[in-house]
Amino acid sequence: MRKFYIELIIIVITIILCVLLVWNYSGIPHQLSEIPEVEATPPVINYLYGVPVDSFLIGGGTVRPNQVMAGLLNYLGVSVADINVAMKKSDSIFDVRKFKAGNKYITFSSTDSVPVLQYFVYEKDAVNYLVFGFRDSIAVWNGIKQIDTLQNTFAGSIQTSLWNTFSDNGSNPIMANELSEIYAWTIDFFGLQQGDSLRVVYDEYFVDSVSIGIGKIHGAWFRHMSRDFWAIPFIQDSVMSYFDEQGLSLRKAFLKAPLRFSRISSRFSNSRMHPILKIRRPHHGIDYSAPINTPVYSIGDGVIVQTGYSRGSGNMIKIKHNSIYSTAYLHLRKFANGIKQGVYVKQGDVIGYVGSTGLSTGPHLDFRFYKNGSPVDPLKVEAPPVDPVKKANLESFDLQKILVMEKVNGF
C-alpha cells in the first residue's frame, strides 16, 4: 500500500506541474502582445549636390585654363557619343562657353574595380551648379546650394579706412560697400577721420559655412565729424529706403562723391601751384586720386551737355542737372558706352573711367561743381533730400525707428 500511495503522489505532482506549464505557456502570447513593436531605424543617407555620396567614389578638381567641358568629360571616361547627347541636353540650361577656368567640379564614380563616371557636377558659382547624370540614361539639370542667412552685428571705429575697419576685425569687408551705398548722399567717405565709429545690424549669406554676400541692412548708426547719422529702413509706396531719425530720406539730389574708395589729392582753391605749368592759378575742383579705369559715376540725374577732349582737361564730360546745378568730370581715360551729348543719365550711372589725359601728372579725376554757372567747392554743397516719410506713415515709421535703434544699440 505504501508503494501505491507514493506512486499516486508522484502522479498528482506530475499532473499539477503539467497544468502549471500549460497555464504559463498559454499566457505568453498575451504577454508578448503588450510589448510594442520597435520600428527599424532607416539608414542615414548623406547627399552632396542631391547625389547619395555613400554609394560612389567622390573625386574632382578645378577647371584648367583653356579646358573645355567636352574635353574634360572625355578625359574622365565618357564616350564621345554620350558627350554629344549631354551637350545637346544642356543647351537650354547652360552655355558651355561659360565653362570657366578655376571653377570647381566634382565626380561621382562607381565603386567597381574599374570606376565608371556616374555623375559630373560643375559649380557655376558659389550657389549654382550643373549636374550631368550618366547612369541608365543621360540627364542634365541645374541645382542650387542651400543658402543660410545669419543676422550679424558689428561695432567698430575707423583707424585707416572703412574697408580695413571691417577686415581688421574679422568681418566681411563687403559691408563697407553696402554702407557706402546707403550713406553715399550723406557722408563723404573720402573724408573719414580716425576715431569715427559705427554700429550696424545686417544679414549675411553663407553657403557651406563660407560667406557669399551681404543681405538686408536692418539698421545702422555712424558717427562722423561729431555728428550722428542713423540709417533706418522703412517701406513707403512699396519701396524700401533708408531714413534718418527725423524721417528724412538719406538719398539726396546729389551723391557726395563721383568715385568710391579713393582719396582726395587736391582740393578746391583759388590759387594753386599747377604741378605741370609751375604757375599759380585757380583750381576750381576736387582731384580724386584713383587707379586707371576706376568707374566714375554721375552724382545726379541730368543731361550730358558736353563730351570731348581738350589739351588741359583731357577727356571731359559735363552734365546739366537742373536750371541751377551742373557738374564736370575731367582727365577721363575713356567714356562709358552710350555716353554722348544729349544723353540723359541717372544718379549713380557709370559715365566714364579714371585716366590721366590732358595736363595730368597721374591717374585721377578732376571733379567740378557749378551753381548758376559759377564754380563752387563740391565738398561744401548741401544737396536737398528727396521725399521724406509722409505724414500718414509717421506713426508706423516712429515704431520702426524705436525697434531699429534698440536693435543697433543693444549689442
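Begin by selecting residues 117–123, strand β5, together with residues 128–134, strand β6. The two strands run antiparallel and are joined by five bridges. Please note that this model is predicted.

Within this pair, select Val-121. Which residue is the bridge partner of Val-121 in β6? The partner is Val-131. In general, the strands of a sheet pair through backbone hydrogen bonds, in either a parallel or an antiparallel manner.

β5 and β6 belong to an open sheet of five strands, arranged in the order β3-β4-β5-β6-β7 with antiparallel pairing. Select β3 (57–62) and β7 (138–144), which stand at the edges. Each has a single partner strand, so one side of each is left without a neighbour in the sheet. On average, neighbouring strands of this sheet are turned by 20° against each other, with direction ignored.

Finally, select the entire protein chain. The chain contains six helices and 24 strands. Of its 411 residues, 41% are buried. Among contacts with a separation of 6 or more, 62% are between residues 24 or more positions apart. The accessible surface of the chain comes to about 23900 Å², and carbon and sulfur atoms account for 54% of that surface.

Notes: Residues numbered from 1 in each chain as written. Predicted model: local features only at pLDDT ≥ 70, side-chain atom pairs only at ≥ 80, totals over all residues. Heavy atoms only, no water. Helix = DSSP H or I, 4+ residues; strand = E, 2+ residues; numbered from the N terminus. Buried < 20%, exposed > 50% of the residue type's maximum accessible area, 1.4 Å probe, protein only. Contact = heavy atoms within 4.5 Å. Areas by Shrake-Rupley, 256 points an atom, 1.4 Å probe, with all protein chains shown as cover. Pairing = 2+ DSSP bridges. Axes fitted to C-alpha atoms, helices over the stretch in contact; angles between N-to-C directions.
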